[in-house]
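Please look through the structure below with a report on its salt bridges and its strands in mind. The account starts with one group of charged side chains and then widens to the sheets.

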Amino acid sequence: MSLPDPKAYPAPRYTGDEGEVSARFRPATAAPDHVSGGTAYHYLSTTASTDGEYGLYRVEMGPESGGPTTHFHKAMSEAFFVLSGTVRLFDGEKWVNASSGDHLYVPVGGLHAFRNESDEPASMLMLFAPGAPREEYFENISRLGDLTDTERAEFCVRHDSFFL
């Protein structure tokens, strides 16, 4: 597989000459799309709304709300951009305390994890590329303890999440 030239733009995908009205606005005051325990998920751009290009989510974590253990994805990259508070990010080798403005990019196959261990809330943007239907993952991850080992394994494979 050859990589695209990093200095070249991708081939055009829109062939019109006039442009079109197709942008979508979401105010910061919009209610979360899903709340689970101490974490609220805002579905900013889903794979459905971007035609699979990417998925962008704002995640608001309550104090000491934890997060997933070390895992990787086989089909998508993931990026984290901390908006507020302190988020512990694992880059595959070490944990770092990330704060507002800090960013972590995780290529396909890259080991990573995150959590909020502080006694203050934290928020971040999570970007998945290409897009994947992460909404079902976010909405059902808290139920993994209720599943059989086989069901849990199937859930993780279906959602491209491979935990160590």
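## A network of charged side chains

Arg88, Arg115 and Glu117 are linked in a network of salt bridges, a salt bridge being a side-chain nitrogen of Lys or Arg within 4 Å of a carboxyl oxygen of Asp or Glu.

The model is predicted, and local features need pLDDT of at least 70, side-chain atom pairs count only at pLDDT 80 or more, while totals for chains, interfaces and linings use all residues. Residues are numbered from 1 along each chain as its sequence is written, and side-chain values use heavy atoms, with hydrogens and water left out.

Strands (E, at least two residues) and helices (H or I, at least four residues) are DSSP runs numbered from the N terminus, and two strands pair if DSSP finds at least two bridges between them.

These strands belong to an open sheet of three strands in the order β7-β6-β9, with antiparallel pairing. The edge strands are β7, at 95-98, and β9, at 113-115, each of which pairs on one side only. Neighbouring strands of this sheet are turned by 25 degrees against each other on average, direction ignored, where axes are lines fitted to C-alpha atoms, for helices over the stretch in contact, and angles run from 0 to 180 degrees between N-to-C directions.

Strand β10, residues 122-129, pairs with strand β3, residues 55-61, in the antiparallel sense over seven bridges. Along this pairing, Glu60 stands opposite Ser123 in β10, and the bridge partner of Met61 in β10 is Ala122. Strand β5, residues 77-84, likewise pairs with β10 in the antiparallel sense over seven bridges, and there Ala79 has Leu127 of β10 as its bridge partner.

## Other salt bridges

Across the whole structure, a search finds eight salt bridges. One of them joins Arg158 to Glu136, with the closest N and O atoms 3.7 Å apart. This pair links distant parts of the chain, since Arg158 lies in helix α2 (residues 149-158) and Glu136 in helix α1 (residues 134-140), 22 residues apart. Arg158 is exposed, with a relative accessible area of 52%, whereas Glu136 is partly exposed at 36%.

Asp33 forms a salt bridge with Arg26, and the closest N and O atoms of this pair are 3.0 Å apart. Asp33 is partly exposed, with a relative accessible area of 37%, and Arg26 is partly exposed as well, with a relative accessible area of 28%.

Note on methods:
Buried means under 20% relative accessible area, exposed over 50%, partly exposed in between (1.4 Å probe, protein chains only).
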